[in-house]
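Hi,

Here is the structure I promised to pass on to you. Have a look at it first, and then read on for what turned up.

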Amino acid sequence: MSANKKPNAGPQPGGARHFDAPAHTRGQSIFLDDIPLVHGTLFGAAFGSPIAHGHIRQLHLDEAVQCPGVVRIFTHKDVSGENQIGGIVPDEPLFAETHVHYCGMPVAFVVATSDAAARHAVSKIKADIDPLPVTTDPREAQARGELIVPPRTFRLGDTAAAWQHCIHIIEGRTETNGQEHLYIETQGAYALPQENNAIRVYSSTQAPTATQRAVGKITGLAMHAIDVEVTRLGGGFGGKEDQANGWAALCALACLHLGTPVKYALPRTDDIVMTGKRHPYSSDFKLGLDAEGKILAYEVSFYQNAGAAADLSPAVLERTLFHCTNSYYIPNVKATAYSCRTHLPPNTAFRGFGGPQGMFVIEAAIAKAAETLGMPATRIQKANLLRSGDEFPYGQKAVSEAHACWQKAEQLYGIDVLEQQVEDFNAKHRLTKKGIAFMPICFGISFTKTLLNQARALVHVYTDGSVSLSTGAVEMGQGVNSKMIQVAATVFSIDAALVRIQATSTQRIANTSPSAASATADLNGKAVEMACHAILDRLRPVAAAELNANPALRSSQATVDPASIQIRNGLVYNDGEPTILHWKQLIMAAYVRRVSLSEHSHYATPQIHFDYTKEKGHPFAYHVYGTAIVTATLDCLRGRYSIDAVKIVHDAGASMNLTIDRGQIEGGIVQGIGWMTMEEVVYDEKGRLRSNTLSTYKVPDIYSAPAEIAVDFLHTDRNNLAVFRSKAVGEPPLMYGIGAWFALRNAIRAFNPAARLPFDAPLTPEKALMGLYQKQPSHVAG
Ligand code: MTE
Ligand code: HPA
Ligand code: MOS
């Protein structure tokens with residue numbers, strides 16, 4: 001990879017690479033299932049409700065209890081604490097009691113001497129459940145008043161007054177479907193009893209503290225008696241921000257009752273069926289423009305399909321509102337969002353966290369406006385990009401890179417040539433068409449819940465000079481551990497090999513926020529930076545004292561002032577001059593002088609606030625911008641297509657690790673394209689998941705990934721609140737994938753200008769084919 005040689009690369013401190021790569025490629029990295037089992041470990045398996053809504057009349061466990069290897073079967077009656085795992089709203093029992101609310105809802109937990117025995121016994125459990133009416137549609141739920149939380153509305157200006165100034169008013173409806181996380185490592189936990197009624201839980205969780213809290217609630221143990229430890233996840237993507245907790249609580253409950261270690265690593269099908277997904281949304285929009293394509297007003301209503309319990313839905317809902325105008329400035333906005341309770345597994349965080357769902361709607365509105373006005377969508381997009389100082393509907397003022405990214409993309413990738421190529425191709429080919437679309441993005445960095453924007457780090461320097469680093473960050477492939485090592489190695493100016501990152505543990509770092517919101521490196525990295533600086537501040541006087549006591553160590557004979565001490569590449573410098581005092585000697589000297597070599601630091605993002613009574617404030621530390629140009633080729637006979645290229649200018653601030661950031665961008669795009677084009681979550685009218693295997697649920701593979709992903713980093717040295725000014729990168733790139741939907745739409749329209757394709761994602765080949773041969777405008781307005 002030539003990324004590091006790019007002229008626009010920022011400084012790459014502390015040996016920028018992905019430190020997990022060698023062990024991953026050798027198969028040596030430890031995931032939950034690789035933890036050596038303690039002798040006597042038992043295995044769990046959950047019995048999930050076979051129907052989506054009903055009243056439990058009777059549970060028949062007799063036959064299952066008789067099965068070989070079964071030790072015990074747990075139900076809600078065995079919960080020693082409180083049968084509740086709801087994170088934001090206490091509306092989610094761990095075990096169903098009298099009612100079931102979705103297919104797969106845990107009703108019983110079998111513990112046996114082997115995985116196979118536990119699963120076999122689960123198949124022998126019978127339940128008499130009287131069925132009740134099932135709702136899977138969010139609009140239907142809203143109409144019946146089935147809301148998780150009261151609706152919320154963001155307002156800017158006055159839309160009612162603005163319509164009269166609009167020359168064009170466009171209305172429509174959009175649908176975006178859910179998305180299965182399909183992390184490579186399924187959900188799971190392993191609980192081990194400790195002395196004095198304590199417990200250790202290994203969990204594949206993005207949120208060790210949330211897991212610890214849920215285990216505490218279910219078992220009745222105090223949090224100090226529960227250690228949750230995480231080495232790394234084989235992917236989370238938001239699916240383990242809230243939904244890892246239940247499995248850990250089941251294992252912990254059984255472990256405490258039986259006094260033996262209990263493990264449950266979910267089989268793939270259980271995982272797919274029992275866990276929630278990205279929220280499907282149904283939305284209505286109304287967009288008003290002047291004759292030149294300037295957007296004057298936007299009204300939008302979002303119907304979020306929350307599933308059967310709140311989970312993270314209220315937080316996801318608000319991020320939809322925060323991102324409802326994407327990268328555009330619109331002076332008059334009214335956006336309302338409903339979180340609708342249905343009988344699906346509770347839907348949850350997924351990369352972008354409601355933002356992508358909001359952005360799809362405004363892009364659809366612009367695409368439809370472009371047709372009405374008879375101008376290219378790009379002209380409307382470009383004419384309305386945010387400028388610095390523009391106000392978001394929630395009151396924060398933009399510090400915008402939107403134009404910089406767009407213009408650089410146009411120039412760098414030669415937009416005139418690209419558009420001409422598409423036109424020429426389409427003129428020459430009757431049954432194959434190409435489409436091109438721009439996708440600008442703008443994503444706010446910080447948890448929208450202000451209190452979560454805090455983190456802690458614990459740094460120990462040992463007497464041999466090696467450094468131990470603990471933070472609340474969870475490594476899930478995104479490379480946060482590598483970035484943490486870089487921060488420590490850079491602040492101390494020592495070789496990265498001297499720094500080791502420890503497994504994330506609630507005993508070492510308390511009260512952690514989830515590793516989520518793309519903010520993990522910023523929050524934990526800032527805490528690491530502070531801790532290392534605090535230690536460094538104590539080392540300087542030690543170095544000065546050592547040099548003063550030992551003139552042979554230095555060249556100048558003047559008295560050494562601690563303020564003139566620096567460490568560079570493991571060597572002590574005095575006033576810019578190298579001495580012969582090394583890091584290791586310095587550390588030993590500090591120890592001998594009884595100076596503390598450990599520090600625990602706390603970081604809380606400054607400047608952010610939000611007033612929920614007014615829906616105004618400054619919720620984000622900063623925004624990440626970018627522009628993607630997506631091109632696609634469509635086989636107009638079969639509806640098959642390929643995404644040819646995604647060419648991006650991405651605002652990375654001053655990236656501290658281009659290798660990791662490029663990986664995040666490539667992965668995010670492919671995941672976004674999957675959501676927009678092929679991943680189709682299907683529940684039937686009874687709330688049963690039909691797309692419950694990889695033969696019925698298509699995720700992008702290497703053949704469906706774009707043939708070309710070009711990434712150019714917009715290097716900005718502006719002061720921001722990112723760690724080392726290296727902007728967060730985890731989620732934003734997923735939203736470039738939305739461009740694929742619109743590129744395909746343009747290809748369809750190149751073949752069939754009469755097509756009025758509904759704004760319905762994913763745009764599967766079947767839907768593409770319908771659009772290609774559509775004669776009548778569809779009744780779902782498109
Ligand atoms: N990348 C990998 N490889 N695996 C993951 O699970 N999760 C994504 C993103 N990138 C994820 C990933 C999501 S949903 C988020 S919020 C961020 O990483 C979280 O990590 P960060 O805060 O360190 O960016
Ligand atoms: N992003 C991700 N996870 C969250 C957020 C957010 O903004 N708020 C609460 N959990
Ligand atoms: Mo990411 S959806 O915030 O875990």
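Let me start with the ligand: a polar backbone atom of Phe-237 sits 2.9 Å from an oxygen atom of ligand 1. Please keep in mind that this is a predicted model. The backbone of Met-476 takes part as well, with an N or O atom 2.8 Å from a nitrogen atom of ligand 1. On its own, ligand 1 has 520 Å² of accessible area, and the protein covers 91% of that.

Looking at the surroundings as a whole, 17 residues surround ligand 1. Phe-237 and Met-476 are listed among the closest, together with Gly-236, Thr-520 and Gln-664. Sorted by class, this shell holds 9 polar, 6 nonpolar and 2 charged residues.

The other thing to show you is helix H16, which spans residues 583–592. Which of its residues are buried? They are Trp-583, Leu-586, Ile-587, Ala-589 and Ala-590. Viewed down the axis of H16, these buried residues fall within an arc of 160°, so they line one face of the helix. On the face turned away from that buried side, H16 carries the exposed residues Lys-584, Tyr-591 and Val-592. Just after the helix, Arg-594 adopts a positive phi of about 60°.

Best wishes

Definitions and conventions: Residues numbered from 1 in each chain as written. Chains lettered and ligands numbered in written order. Predicted model: local features only at pLDDT ≥ 70, side-chain atom pairs only at ≥ 80, totals over all residues. Heavy atoms only, no water. Near = heavy atom within 4 Å. Polar contact = N/O pair within 3.5 Å; in protein donor to acceptor, adjacent residues only side chain to side chain. Areas by Shrake-Rupley, 256 points an atom, 1.4 Å probe, with all protein chains shown as cover. Nonpolar A, V, L, I, M, F, W, Y, C, P; charged D, E, K, R; others polar. Buried < 20%, exposed > 50% of the residue type's maximum accessible area, 1.4 Å probe, protein only. Helix = DSSP H or I, 4+ residues; strand = E, 2+ residues; numbered from the N terminus. Arc of directions from axis to C-beta.
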